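Me: I have a model open and want to learn how to read its features. Can you take me through a few?

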Amino acid sequence: MSDRRPREEFGADGDWRNIRAHDWGTSDMSTTPDHPALAPQDPDMMRHLDEQYGMRFVRYVLALPDSWNLGNSVTVTQAEWATTLYQLAVSTEQLDKASRWVNLAALMNRYFAPRDVSFAAYIRGECGGSTEIPTYENDEVATTLVKFASDSYAAFIMKQPEDEWNTGSIVHHHTEQPSMANFCKAVLKDQQLKFLFPSHIESNWEESDFTSLRQVTSLVYFESGQGGSFSLPLLAYNLLNSAYVRCIIYGDDSYDAYIKMVSQALADARKMAAGRSAKIPVALGLSNLSLSEVDRIPLPNGFLRKVTEEDKYHLPPRLAVDALLILETPLRIAVKTRHPDTREDENPETWERVVERSRKWNSSLQWDIDCHHLAFMLANSANHRAAAIEISRAIVNPLHATPHLSWRDERVQTAAAVMEVGPESREALRKWVDNVTSRHPRTLRIAMRRILSASTSRTDPSDSLVDAVLAWENMFSDSPETTLRVCGALSLLLQPNDRESRKALNRELTGIYGTRSAIVHGNANEPAPETVRSHGDRALEVAVQAMRQLHENPHLLNYNNSSARGKDVLLGLVDIR
């Protein structure tokens, strides 16, 4: 076996031919265009490539079939380029794992001028692989962007080092490519994208060089709260990276899926630049939820799925996420304006507008999330304490390279039971998500939030009891005789046809209400801990059953307040199924 040390460093001229791998001991093999010779395989070297780059990357770059595994044959050309990849990996061994990965990814994205492709794309072509790169008539921005995407794809699928976290932004900026200057000029002429840079709309950039184009900046803030300085040369970088993260979230990061997602990211960016909203994915990491015998459940505005190895792009390490809930939500740009030259040029009203728009957007998003959590609980009639818990959130903005992440560092303490979701519960889950997200009224927002907090975040039984009874009151409260009105309406709602059962239930609920009042008002005769625990559990069960009944009788949702709803139920003015 010949020496595998790198022959030469890469030339400044980008001529990758200087590092073409040397002899594998196969000089006696002949090749023809129709019958390329097969090279003997070096299992140790190929195993090293698998460990460093990942088998998926190796197959893609060397143009090997998906069925190829260690021990299978390769052509002489593939063997030579495999040796080159090995040499590159060896030359970076002195670096720590994270730096090594970043450097190798950057090398794969380096521009090879003679072929107008990245190094990885060049190797793939030399090995006989092809890549379909769509072109868009009269759309230079889209055509150039998908070309960048094709060049970048190999680096995205490179294996990441264990225990290292990267949110996907590994793509070289493509600033070394001559087409980047043309891309930037095309953006500034684009009838929608040009509005990302409001102070440069009227300028003529046709004769400008890339150095001048680098200076094109603006200030862009989004409704999600992200934002700040926005640079023209980074637009492609943002779109390429966000599109790949989006592929991961949707569960398909194949080459074809990535190219399509880049086009979608560009279309969304154009909408947002023009002042319209674009649907973006928000990935919620859930714990306390078990998906069994089902990988994905489509929902009216997203889907629920299992966690995969690739999800490390948007999930912090060592976070115990059991499933992902993906929701699509509209996002707009809140403010886009000229970038201030100095601190004195900053306008405080800009930030005030951003804060207000962000508050409204995040409130709307939280409402949608809460509705999904409530729907999950209502779909599970077997256990009223079963509830999923959100422990991470990733907002994927097409104009931001990395997702906007938030998560819980501490271990989640909860009294909730694990929510079991299997094939038999798919239809119920879809039905309840559709019902709650489309019908749940704002007048019952307190009941929804208190049910969720009582089941998931309250570890003290007295807190859980208080929350659950507050949910009762948000459904039916009025004065005077609050206890009678609330407990009476609940009894009629849950036992509309059996008088004896209704009387028994009313007595039980009145007792629970009394325990809650003793806690809230500081009764000298403090309830026993076991009473508080049992009453709290039963109060939550009643709250969940009552909310389920309201949704199964949708005419009961359409009240302006709890008083009117309770009065009509008590007087028998509404039909209850």
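Me: Where is Asp268 found?

Reply: Asp268 lies in helix α10 (residues 255-273). Helices here are DSSP runs of H or I with at least four residues, strands are runs of E with at least two, and both are numbered from the N terminus. This is a predicted model, where local features need pLDDT of at least 70, side-chain atom pairs count only at pLDDT 80 or more, and totals for chains, interfaces and linings use all residues. Residues are numbered from 1 along each chain as its sequence is written, and side-chain values use heavy atoms, with hydrogens and water left out.

Me: Is Asp268 buried or exposed?

Reply: Buried means under 20% relative accessible area, exposed over 50%, partly exposed in between (1.4 Å probe, protein chains only). Asp268 has a relative accessible area of 2%, so it is buried.

Me: Which residues does Asp268 touch?

Reply: Contact means heavy atoms within 4.5 Å. Leaving out residues up to four places away in sequence, Asp268 touches Arg246, Ala278, Lys279 and Pro398.

Me: Which strands pair with β13?

Reply: Two strands pair if DSSP finds at least two bridges between them. Strand β7 (residues 278-287) runs antiparallel to β13, joined by 6 bridges. Gly285 has Ser392 of β13 as its bridge partner. Strand β14 (residues 404-407) also pairs with β13 in the antiparallel sense, over 4 bridges. There, Ile395 is bridged to His404 of β14.

Me: How many residues of β13 are buried?

Reply: In β13 (residues 389-395), 7 of 7 residues are buried, so the strand is mostly covered.

Me: How many residues of α3 are buried?

Reply: 12 of its 16 are buried, so α3 is largely enclosed by the rest of the structure. Among them are Val76, Trp81, Tyr86 and Leu88.
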